[in-house]
Amino acid sequence: MRVVAQGTFDILHPGHLHYFREGKAMGEELHVIIARRSNVTHKDQPVLPDRQRRDMVGALDMVDQAHLGHTEDIFVPIERIDPDIILLGHDQHHDESDIEAALADRGIDCSVERASEREPQYNGELFSTGQIIDRICTERC
Ligand SMILES: Cc1cc2nc3c(=O)[nH]c(=O)nc-3n(C[C@H](O)[C@H](O)[C@H](O)COP(=O)(O)O)c2cc1C
Ligand SMILES: Nc1ncnc2c1ncn2[C@@H]1O[C@H](COP(=O)(O)OP(=O)(O)OP(=O)(O)O)[C@@H](O)[C@H]1O
C-alpha cells in the first residue's frame, strides 16, 4: 500500500510527526507532497523555501519520499505517485467527497481518509507553525 500525506510543513513540530507516523502505519510507502508557496493562500505564506521544506520532510525516517507539489494542478503529483490512500490532515480544509470526485474523473483508484489529531503529551507543546512563529516574535523580537 502506498500512502500520500500533504501540507505546508514550514517549521516542523510533533503534530507533523504524528501525521507522518499514522500515514506510514497505514501502508508500506509514505509519500509526502509539499505545498508550493504560491498555493498557500488561506494562511500566512511559509517562511522557508519550497525545496528546504521538501528536504527536511524527506530526511525523516518514516517518509519514503517527499515531493514538491505542482504549481497549478494538485492532481499531477497524485497521478505520478499513484497512491492507494490519500490521508488528509485532521484539520485540512479539503473536502473528502470533492477529492474523491476529482479522482474518479481522472480514473485514479484511490481512497481518501482523514488522519487523527495528536493529543498534547506535556505542557507547552506547540502544534502549529503559526504558534511557533508567534512565540519567536514574542520572546525574541
Ligand atoms: C491530494 C492533495 C494533493 C495536493 N497536491 C498539491 C500540489 O501538488 N501542490 C500544492 O501546492 N499543493 C498541493 N496540495 C495542497 C496543500 O497540501 C495544502 O492543502 C495547502 O496548500 C496548504 O495548506 P495546509 O498545509 O493548511 O493544508 C494538495 C492537497 C491535497 C489534498
Ligand atoms: N497536532 C496535529 N496533529 C495531527 N496532525 C497535525 C497536527 N498539526 C498539524 N498536523 C497536520 O500536518 C499537516 C501540515 O500542517 P501544516 O504545516 O500545513 O500546518 P500547521 O502545522 O497546522 O501550521 P499552521 O497552520 O499554524 O501554519 C496538516 O495536514 C495538518 O493536519
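Ala, Val, Leu, Ile, Met, Phe, Trp, Tyr, Cys and Pro count as nonpolar, Asp, Glu, Lys and Arg as charged, and the others, Gly among them, as polar. The model is predicted: local features require pLDDT of at least 70 and side-chain atom pairs pLDDT 80 or more, while totals for chains, interfaces and linings use all residues. Residues are numbered from 1 along each chain as its sequence is written, and chains are lettered from A and ligands numbered from 1 in the order in which they are written.

**View 1. The shell around ligand 1.** The shell holds 19 residues (C-beta atom, placed from the backbone, within 6 Å of the ligand), of which Gln6, Ala35, Asn39, Gly69 and Ile74 come nearest. Strand E1 (2-7), helix H3 (75-81) and strand E4 (85-88) each give two or more residues to this shell. Helices (H or I, at least four residues) and strands (E, at least two) are DSSP runs, numbered from the N terminus. By class, 9 residues are nonpolar, 9 polar and 1 charged.

**View 2. The shell around ligand 2.** Ligand 2 is surrounded by 20 residues, the closest being Gly7, Gly15, Gly89, Ser128 and Gly130. Two or more residues come from each of helix H1 (14-25) and helix H5 (129-140); H1 gives the most, with 4 residues. The shell comprises 4 nonpolar, 11 polar and 5 charged residues.

**View 3. The surroundings of Gly27.** Gly27 lies in the loop between H1 and strand E2 (29-34). Gly27 counts as partly exposed because it has 17 C-beta neighbours inside 10 Å (buried, 20 or more; exposed, 12 or fewer; partly exposed, in between; C-beta atoms placed from the backbone). Beyond residues up to four places away in sequence, Gly27 touches Met1, Arg2, Val3, Asp84 and Ile85 (contact: C-beta atoms, placed from the backbone, within 7 Å). Gly27 and Met1 are 26 residues apart in sequence, with their C-alpha atoms 4.6 Å apart in space.

How values were computed: Two residues are in contact if their C-beta atoms, placed from the backbone, lie within 7 Å.
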